Amino acid sequence: MFVNVSSFLRHYVPFFKNKADDLLQNVRFINKRLDEIIKRRRQTIENTPLNEPLTNDMLTSLITANTSRDVNHTKTVGGEALNRPMTDTEIRGIIFDGFLGGTDTTANTISFVTYYLAHNQDVKKKLIEEIDRIFQGLRLCPGRKLAMIELVCLIALFYRKYEIDLVDMNAPLKVINGGVTACGELLTKIKHRK
């Protein structure tokens, strides 16, 4: 929010300066904690023998990208191959972005998908058939194509294990329009699938 406040106010007016200083102190604290977490995980990866599998999570995937431990040996950005591992600063930025934007976007996407599937039973049936065919009771970890696969797996997990329907099929989707369109409320009935 301080992006819209002039630098003069942020630096010289006590109220704004105190708020800006507090915000910067919080960001420094978060960066320090994330750096410690990344450093500890790097040490764990370095101390794990090459013949032993690593944990399959986002942080490990980011640290091992473009190294001998990478499960996807070629990473590209805009069609160009990346030939170097990510720095701790780059990894910290990705993790921080996940904290800032990850929960709202995921919650909204799941809400909109749930609403769409509830109103399109043929699509929901096809989704469940595909989930049953692909996953067949096995837990697959989505480490390779992290961003999209994690969301797809989360939705698949929901619909594989649960029947999810709207409480009121005739109720409109309640959205909040601001800088981003977000789901304001979506009442659902959830029960275990048989």
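Lys124 is buried in this predicted model, with a relative accessible area of 4%. Glu163 is partly exposed, at 25% relative accessibility.

Glu129 pairs with Lys125, and their closest N and O atoms are 4.0 Å apart. Both residues lie in H5, four residues apart, which is about one turn of the helix. Here Lys125 counts as exposed, at 54% relative accessibility, while Glu129 is partly exposed, at 43%. Salt bridges with shared partners also join Lys124, Glu163 and Asp165 into one network.

The chain holds nine salt bridges by the rule applied here. One of them is formed by the side chains of Asp35 and Arg92, at 2.9 Å from N to O. Asp35 sits in helix H2 (residues 14-47) and Arg92 in helix H4 (residues 88-119), so this pair ties together parts that are 57 residues apart in sequence. Arg92 has a relative accessible area of 17%, and because the cut-off for buried is under 20%, this arginine counts as buried. Asp35, in contrast, is partly exposed, with a value of 28%.

Thr60 is placed in helix H3 (residues 58-64) and is buried, with a relative accessible area of 3%. The surroundings of Thr60 can be described through its contacts: leaving aside residues up to four places away in sequence, Thr60 touches Arg41, Ile45, Leu54 and Thr55. With Thr55 there is also a polar contact, in which the two side chains come to 3.1 Å.

Thr67 lies in the loop between H3 and strand E1 (75-77). At 28% relative accessibility, Thr67 counts as partly exposed. The side chain of Thr67 reaches back to the backbone oxygen of Thr64, at 2.6 Å. Thr67 can also be placed relative to Pro85: these residues are 18 apart along the chain, and their C-alpha atoms are separated by 6.2 Å.

The secondary structure of the chain comprises six helices and six strands, and along the sequence they follow the pattern α-α-α-β-β-α-α-α-β-β-β-β. Of the 194 residues in the chain, 23% are buried; Lys124, Arg92 and Thr60 are among them. Considering contacts between residues at least 6 apart in sequence, 54% join residues at least 24 apart.

Definitions and conventions: Residues numbered from 1 in each chain as written. Predicted model: local features only at pLDDT ≥ 70, side-chain atom pairs only at ≥ 80, totals over all residues. Heavy atoms only, no water. Helix = DSSP H or I, 4+ residues; strand = E, 2+ residues; numbered from the N terminus. Buried < 20%, exposed > 50% of the residue type's maximum accessible area, 1.4 Å probe, protein only. Polar contact = N/O pair within 3.5 Å; in protein donor to acceptor, adjacent residues only side chain to side chain. Contact = heavy atoms within 4.5 Å.
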